[in-house]
Amino acid sequence: MLPPTTLLSLSSILLLLSLLLPLSSSASSPDAATMTALLSLLSPAPSGWTGTNPCTWTGVSCDSSARVTSINLASKSISGSLPSTLNTLSHLTSLSLQNNLLSGPLPSLSNLTSLQQVYLDNNKFTSVPTDFLAGLTSLQTLSLSQNAGLSPWTIPDELTQSSSLTTLSASSAGIVGSVPDFFSSFPNLQNLRLSYNNLTGYLPPSFGGSGQSAHRNRAGLSDGSSEIGQRLVENNELQGPMPVFGSGVTVILGGTNSFCRTTPGPCDPQVTALISVAGALGYPITLAESWQGNNASFLGTISPAFTNLTSLRSLFLNDNNLTGSIPEILTSLSQLQVLDVSNNNLSGPIPDFGSSVKFTTTGNLFLGTNVTTGAPPGGGTNSTSTSGSPAGTSNGSSTSAATGRVTTKVDVYAFGVVLMEIITGRKSLDESMPEERCHLVTWFRRVLINKDNLEKAIDQTLDPDKDTYDSISKVAELAGHCTAREPFQRPDMGHAVNVLGPLVEEWKPSGKEEEEDSGIDFHMSLPQALQRWQANEGTSTMFSDSSYSQTQSSIPSKPFGFADSFDSTDCR
């Protein structure tokens, strides 16, 4: 038998080990690494977050195995960002970071199967990952409101995995697109707040909450109060019918939505058909905002759903930015008398509507061709009217698209396209770009609407200073005029000369050697240079000095390095 002093020493050692082992275990747990990463990204460091054991930090709770279960840093005036490894806290049940100054991308919370409460509202987060809410099978509350700086994102289908959801609060959170019809997946959903976003399209029937109301009553969850939840969607751009809302549900729809009726119920069949057409356009915001008949320019395609409007007589889709082809099925509209699709970016074959339809297609450079095959656009047969006269010629102008004849106005248009290519460094048609940007002219017109956008559109290799930028702005404005939709709106080349002449004078080479190398006589006016060129070829004079008395330019007698066979007629 050991002496009493030895037994006392052994018991002391065992007691010391029992105290050290939990500390050693917690310090080496995976949660400690993630929590330390979180601490390093926060500024200032939260009060009470000291030491290597996160289970002792203020606002942090752990379970018996030293795994983090709760983080509460609400309203601490903390800035910084969140680590991408946050979803390694596999025992986390509650995350409360609301009312701070946190920014940067939100980390994925995917597969945190114990997570029940998430409060991230009133911060400055910038983006939502695609798998943000995947696999959150225990989630009950998600609050993401007042994060107006979030990049546009849609409500993910993975949210249906959170069947225990009771509160979804995401007002002013950058949500776009349509509202999915999956709310019947949440039988206990009480509060649904999606106000101040850019939601479009229908409110689905399941959004109303009548199913949730019935479920609560069957389950005996009614506590005697008349109000069981909220449905807040004010200040969006929603359309279509208003759903039936459950009894006791507080509803705030706001004034910017455009429901077809002020009470629940279906829309008129014709209105339903029109909204289906809008669906092919992606339920554009501009359509919702102009539901009362304002003129709007739409992106998207022409929907075959127009055929559901069997009594349709006139269809005007002109002066938009529509792409794709004209659906052949539209020829089945037996009552159709007028179809105007002029001044868009349509392509593909032209359907035959017969002689009873006035069909106008001018201003679609690629209509009658397949833009992916390289077939030359703008031919003389791609834009006709079956009412007996060339389409789009009521204004008295002639264009190659309407008549097949090449005119000076076509040259002016081409000149404008060349100016745009020089300014932007882009091709006139670039199929590698997004659809709304692949047509240079259409995209550049939108740039010119707001001159502040021009600086971003300029080819970065130009790197202009202020004076150069001012000159580029003048050239850009000229390019916009030269590519006007209607030929009569385009200026003569004389106007282009008068605009560019002073810029040539301002930017001509300052060194004699540079001038000689260019083969250009910068002391001649444009008419003089043109007359000299024509005289050398024995052609007639086209311009008089008096008509361009204020013009200076840089046209050489023969451009340096050009073949001898090249003459002025090639310079159309």
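This is a guided tour of a predicted model, stop by stop, with what to select and what is found there.

Residues are numbered from 1 along each chain as its sequence is written, and side-chain values use heavy atoms, with hydrogens and water left out. Local features need pLDDT of at least 70 and side-chain atom pairs count only at pLDDT 80 or more, while totals for chains, interfaces and linings use all residues.

**Whole chain**

Start with the chain in cartoon view. It has 13 helices and 24 strands; helices (H or I, at least four residues) and strands (E, at least two) are DSSP runs, numbered from the N terminus. Of its 572 residues, 44% count as buried. Here buried means under 20% relative accessible area, exposed over 50%, and partly exposed in between, with a 1.4 Å probe and protein chains only. Among contacts with a separation of 6 or more, 49% join residues 24 or more positions apart; a contact means heavy atoms within 4.5 Å.

**Asp 31 and Arg 67**

Select Asp 31 and Arg 67 and show their side chains. They meet in a salt bridge, at 2.9 Å from N to O. The term covers a side-chain nitrogen of Lys or Arg within 4 Å of a carboxyl oxygen of Asp or Glu. Asp 31 belongs to helix 2 (residues 30-41) and Arg 67 to the loop between strand 2 (60-62) and strand 3 (68-72), so the pair ties together parts that are 36 residues apart in sequence. Both residues are buried.

**Asp 63**

Stay in the loop between strand 2 and strand 3 and select Asp 63. Asp 63 is partly exposed, at a relative accessible area of 27%. Leaving out residues up to four places away in sequence, Asp 63 touches Thr 69 and His 91. Draw a distance from Asp 63 to His 91: their C-alpha atoms are 8.4 Å apart, for a separation of 28 residues along the chain.

**Pro 44**

Next, select Ser 43 and Pro 44. The peptide bond from Ser 43 to Pro 44 is cis, with omega near -10°. Pro 44 sits in the loop between strand 1 (42-43) and strand 2.

**The cavity**

The structure holds one cavity of 30 Å³ or more, and the largest cavity has a volume of about 60 Å³. On a 1 Å grid over the protein atoms alone, a cavity is a set of points where a 1.4 Å probe fits but cannot get out, and lining residues have an atom within 4 Å of a point. Grid points are joined across faces, edges and corners, and the volume is the space filled by probe spheres set on the points.

To see the lining of the largest cavity, select Leu 133, Leu 142, Leu 144, Trp 153, Ile 155, Pro 156, Leu 159, Leu 168, Ala 170, Ile 175 and Leu 194. The lining divides into eleven nonpolar residues, no polar and no charged. In this scheme Ala, Val, Leu, Ile, Met, Phe, Trp, Tyr, Cys and Pro count as nonpolar, Asp, Glu, Lys and Arg as charged, and the others, Gly among them, as polar.

**Tyr 196**

Select Tyr 196, in the loop between strand 12 (191-193) and strand 13 (198-201). Its phi is near 55°, a positive value in a residue other than glycine.

**Helix 7**

Move to residues 408-424. Helix 7 has 17 residues and reaches 24 Å from its first C-alpha to its last, close to the 24 Å expected at 1.5 Å a residue; the expected span is 1.5 Å times one less than the number of residues. Its buried residues include Val 412, Tyr 413, Leu 419 and Met 420.

Thr 424 of helix 7 is buried at 8% relative accessibility. Apart from neighbours within four places in sequence, Thr 424 is in contact with Leu 440, Trp 443, Phe 444, Ala 457 and Asp 459. The C-alpha atoms of Thr 424 and Lys 456, 32 residues apart along the chain, are 9.3 Å from each other. Just after the helix, Gly 425 takes a positive phi of about 75°.

**Asp 463 and helix 10**

Select Asp 463, in the loop between helix 9 (454-457) and helix 10. Asp 463 has a positive phi of about 45° although it is not a glycine, and counts as exposed at 64% relative accessibility.

Finish with Lys 466 and Asp 470, whose side chains meet in a salt bridge at 3.3 Å, N to O. The two are four residues apart in helix 10 (residues 466-482), separated by about one helical turn. Lys 466 is exposed at 63% relative accessibility, whereas Asp 470 is partly exposed at 33%.

Terms used: 1 Å grid on protein atoms, 1.4 Å probe; cavity = no way out; pocket = protein on both sides within 12 Å on 5 of 7 lines; lining within 4 Å.
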